[in-house]
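Let's walk through this structure together, one place at a time. Keep the sequence and the 3D view side by side as you read.

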Amino acid sequence: MSLTMRNVALSTLIMVSSAFFVNSFPDGAPVDTCVKPSKANEPNHGQARSEPVQTSPYTFVASSSQYGPGSQITVTISGSSFKGFFLQARDPDTDSWIGSWAQTDNTNTHPECSAVTHADPYVKQHATLIWNAPPNARGRVYFTGTILKEYAKYWSNLIATTKN
């Protein structure tokens, strides 16, 4: 293969790969987002890095930080428009994943790590999510994760405030 043909083939491969990565996961974050060795809960979006937490334009609120057997907690995201999210429920004492999320038409859940993510690539103004407490336990929970404004602009390590 000539040098020119090789350059054309390589350029084509790079363009096709770039299109794949730019449009990756329009239906939410994959489960490996839970357990990446570095930067857990952050998207793999090329060179993009999380914006400073204090600059987040979002209101991220949980209806409670306490749960009883089988109870539900509502978690909402509002504020500026956004395209996606990846949220987890965690025990504040052990930082382990707990509970599960209710499946809705516009979410995908990852029960393996008590996570919920968006299920479409559309701009959202608001999201209301329902977390299900463990069936035979009571305790405290906190909600953490990433809210994505667009591919290269997102806020990670956000922690929901609570109403109580």
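S114 sits in the loop between β6 (107-110) and β7 (115-118), where strands are DSSP runs of E with at least two residues, helices are runs of H or I with at least four residues, and both are numbered from the N terminus. This is a predicted model, in which local features need pLDDT of at least 70 and side-chain atom pairs count only at pLDDT 80 or more, while totals for chains, interfaces and linings use all residues. Residues are numbered from 1 along each chain as its sequence is written, and side-chain values use heavy atoms, with hydrogens and water left out.

Look at the backbone of S114: its phi is near 45°, a positive value in a residue other than glycine. Is S114 buried or exposed? S114 counts as buried because its relative accessibility is 1%; buried means under 20% relative accessible area, exposed means over 50%, and partly exposed lies in between, using a 1.4 Å probe and protein chains only. N157 also has a positive phi, of about 60°, although it is not a glycine. You will find N157 in strand β11 (residues 153-159), and with 48% relative accessibility N157 counts as partly exposed.

Now step back to the whole chain. How many helices and strands are there in the protein chain? The protein chain has one helix and 12 strands, and from the N terminus on the elements run α-β-β-β-β-β-β-β-β-β-β-β-β. Of the 164 residues in the protein chain, 37% are buried. A contact means heavy atoms within 4.5 Å. Among the contacts with a separation of 6 or more, 70% come from residues 24 or more positions apart. The accessible surface of the protein chain is about 9,100 Å², and 57% of this surface belongs to carbon and sulfur atoms; such areas come from the Shrake-Rupley method with a 1.4 Å probe, and for residues only the protein chains shown count as cover.

Next, follow the strands into a sheet. Five strands form an open sheet in the order β6-β7-β4-β10-β11, with antiparallel pairing; two strands pair if DSSP finds at least two bridges between them. The edge strands β6 and β11 each pair on one side only. From one strand to the next, the twist averages 15°, an angle taken between N-to-C directions on a scale from 0 to 180 degrees, with axes as lines fitted to C-alpha atoms (for helices, over the stretch in contact). Within this sheet, β4 and β7 pair in the antiparallel sense over three bridges, and Q88 has A115 as its bridge partner in β7.

Strand β7 also holds H118, which is buried at 8% relative accessibility. A polar atom of the H118 side chain lies 3.1 Å from the backbone nitrogen of F85. The side chains of H118 and T117 are joined by a polar contact of 3.4 Å. A polar contact is a pair of N or O atoms within 3.5 Å; within protein, one must be able to donate a hydrogen and the other to accept it, and residues adjacent in sequence count only if both atoms are side-chain atoms.

Charged side chains come next. Side chains of opposite charge can pair when their charged atoms come close. A salt bridge is a side-chain nitrogen of Lys or Arg within 4 Å of a carboxyl oxygen of Asp or Glu, and by this rule the count comes to three. In one of them, K124 and D120 meet at 2.7 Å, N to O; K124 is buried, with a relative accessible area of 10%, and D120 is buried too, at 16%. In another, the closest N and O atoms of D95 and R90 are 3.4 Å apart. D95 is partly exposed at 38%, whereas R90 is buried at 10% relative accessibility.

R140 and D93 also form a salt bridge, with their closest N and O atoms 2.8 Å apart. This pair links distant parts of the chain, 47 residues apart: R140 is in strand β9, and D93 is in the loop between β4 (84-90) and β5 (100-101). R140 is partly exposed at 39%, while D93 is exposed at 63%.

Our last stop is P135, in the loop between β8 (127-132) and β9 (139-140). P135 is exposed, with a relative accessible area of 62%. Which residues does P135 touch, not counting those up to four places away in sequence? P135 touches P69 and G70. The C-alpha atoms of P135 and G70 are separated by 4.4 Å, although the two residues are 65 apart along the chain.
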